[in-house]
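The sequence and the structure are shown first, and the account follows.

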Amino acid sequence: MPDPSKTRASVPARHIAAVVVGNALEFYDFLTYSFFAVYIGRAFFPSCIPSASLLASLGTFGVGFVTRPIGAWVIGRMGDRVGRKPAMILSFSLTGVAITGLALTPPHSMIGVAAPVLVIFFRLLQGFALGGEVGPATAYLLEAAPPERRGFYAAFQTWSQHLAILLSGLVGFGLANMLDERQLQNFGWRIAFLLGVAIVPLGLIVRRDLPETFHAAGSSQRESISLRPYILVAALGVLLLASATIGIYAASYMTTYAIATLHMHANVAFAATIVVGLSGVLFDLWSGALSDRFGRKLIMLVPGVLLLFSILPAFYVISHFRTTATLLGATAVLSILQAMPTSPLVTWLTESLPASIRASGVAVVYAVSIAVFGGTTQYSIAWLIKATGNPLAPAWYWTVAMIVGVAAMIATRESAPRKLRSTRPRESL
């Protein structure tokens with residue numbers, strides 16, 4: 001019987017890159033809607049009240065989360081039964097259809113009520129596809145890793161998401177500097193989507209030649225197992241991912257927050273998105289590597305607690321001074337502290353589940369927490385700002401989420417192989 005660690009270590013780097021590129025493209029397509037929510041709202045949900053148009057647009061953004069648990073179950077189970085590769089190819093193909101539809105849907109002024117109906121349909125399809133992407137992709141990354149580097153390999157999941165945010169921000173920043181407000185409204189936001197469409201064939205090509213990871217589709221993996229021992233893992237996973245999701249979507253809301261609430265120029269707002277993405281790209285892999293050395297729990301808790309006590313001061317500085325420097329500086333601090341715990345918690349959840357339910361388990365836990373919390377975060381923030389007139393409303397919302405997240409971090413049990421092995425001699429004494 002081959003040594004699993006050697007088998008996993010033999011997976012070429014180009015195959016890891018194929019998973020990362022595909023995952024990043026899917027999240028780019030999904031998140032771009034959020035960054036252009038103001039313009040999309042005007043195109044498909046016209047209203048004489050700007051905030052009402054924005055809320056309708058963000059509500060449609062949230063609709064994309066409704067079908068994520070369904071996609072997670074259907075495509076996730078496919079990943080556990082047929083293999084990680086076909087599941088990832090299916091999810092990516094559906095994303096291509098959805099993003100193309102969104103980019104080419106005519107505005108309300110041309111086709112009336114059919115416009116928002118089509119947008120909602122494509123968002124539902126996009127959510128279904130992305131819901132089924134996360135579990136198989138994360139399972140693949142973990143299974144491709146040598147046991148003592150799982151944290152680093154699995155960190156590519158969150159790294160690819162922040163790469164998507166960074167790319168979306170760069171595209172938005174470039175468009176905001178090349179086009180005026182009217183051009184952004186009329187066609188600029190569509191260019192961002194079409195760039196994603198153009199890269200869809202690349203994603204299909206790089207995934208076509210992926211090998212299956214070790215243990216992915218063997219007959220032993222099809223044996224039924226009891227889910228009862230993993231209920232606590234799933235519950236803690238939902239709480240951890242809910243907290244992380246609210247954090248990343250609150251940070252990603254900075255673009256809309258700067259435009260709609262602080263009334264800052266669009267290019268400054270998109271610069272904040274670049275900061276969010278860049279912070280994750282720089283720190284995700286580092287935190288994953290640190291979790292391999294020091295354990296998942298410690299690398300979740302330390303930045304998690306620091307973030308908890310930084311949210312309110314950061315938002316106060318942003319809303320009080322309303323300058324480019326304070327917006328970007330405070331956003332950087334929050335984004336770094338938000339990124340650090342995310343990779344270890346995703347690794348903890350994935351390696352705490354057996355291979356036979358890993359893809360579907362991670363996918364469902366991830367999708368449920370995101371559908372309930374991520375899908376409502378930006379809408380809730382916009383509604384709270386409108387209802388209270390308080391620009392600090394996002395900070396209070398995020399702080400409550402972090403209190404829950406830190407409590408869940410404390411309740412987890414260490415899962416890093418190196419830390420578990422180092423504690424066994426002590427436990428035997």
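## Helix H17 and its end

Just after helix H17, Gly-389 takes a positive phi of about 70°. H17 covers residues 355–388; helices here are DSSP runs of H or I with at least four residues, strands are runs of E with at least two, and both are numbered from the N terminus. With its 34 residues, H17 reaches 47 Å from its first C-alpha to its last, close to the 50 Å expected at 1.5 Å a residue. That expected span is 1.5 Å times one less than the number of residues.

H17 also has a kink of about 45°, centred on Thr-377. The bend at a residue is the angle between axes fitted to the seven residues ending there and the seven starting there.

## Basis of the description

The model is predicted, so local features need pLDDT of at least 70 and side-chain atom pairs count only at pLDDT 80 or more, while totals for chains, interfaces and linings use all residues. Residues are numbered from 1 along each chain as its sequence is written, and side-chain values use heavy atoms, with hydrogens and water left out.

## Salt bridges

The count comes to seven salt bridges, each defined as a side-chain nitrogen of Lys or Arg within 4 Å of a carboxyl oxygen of Asp or Glu. One of them joins the side chains of Asp-80 and Arg-84, at 2.9 Å from N to O. Asp-80 is buried at 2% relative accessible area, and Arg-84 is likewise buried at 0%. Here buried means under 20% relative accessible area, exposed means over 50%, and partly exposed lies in between (1.4 Å probe, protein chains only). Asp-80 and Arg-84 belong to a network of salt bridges that also links Glu-143 and Arg-358.

Arg-296 forms a salt bridge with Asp-292, the closest N and O atoms being 2.9 Å apart, and another with Glu-351, where that distance is 2.7 Å. Because Glu-351 lies in helix H16 (residues 324–351) and Arg-296 in helix H14 (residues 296–308), this second pair ties together parts that are 55 residues apart in sequence. Arg-296 is buried at 0% relative accessible area, Asp-292 at 7% and Glu-351 at 12%.

## Nonpolar cores

A nonpolar core is a set of buried Ala, Val, Leu, Ile, Met, Phe, Trp, Tyr and Cys residues joined through side-chain atoms within 4.5 Å. The largest has 93 residues, and Phe-36, Phe-315 and Trp-398 touch the most other members. Beyond its neighbours within four places in sequence, Phe-36 is in contact (heavy atoms within 4.5 Å) with Gly-172, Leu-175, Trp-189, Ala-192 and Phe-270. Apart from this core lies another, of 19 residues, which includes Val-20, Ala-145, Ala-155 and Leu-210.

## Ser-319 in helix H15

Ser-319 is found in helix H15 (residues 311–321) and is buried, with 11% relative accessible area. Its side chain reaches the backbone oxygen of Phe-315 at 2.9 Å. Neighbours within four places in sequence aside, Ser-319 is in contact with Tyr-257, Leu-262, Pro-391 and Leu-392.

## An exposed loop residue

Val-66 is placed in the loop between helix H4 (50–63) and helix H5 (68–81). At 53% relative accessibility, Val-66 counts as exposed. Val-66 and Ile-370 are 304 residues apart in sequence, and their C-alpha atoms are 9.2 Å apart in space.

How values were computed:
A polar contact is a pair of N or O atoms within 3.5 Å; within protein, one must be able to donate a hydrogen and the other to accept it, and residues adjacent in sequence count only if both atoms are side-chain atoms.
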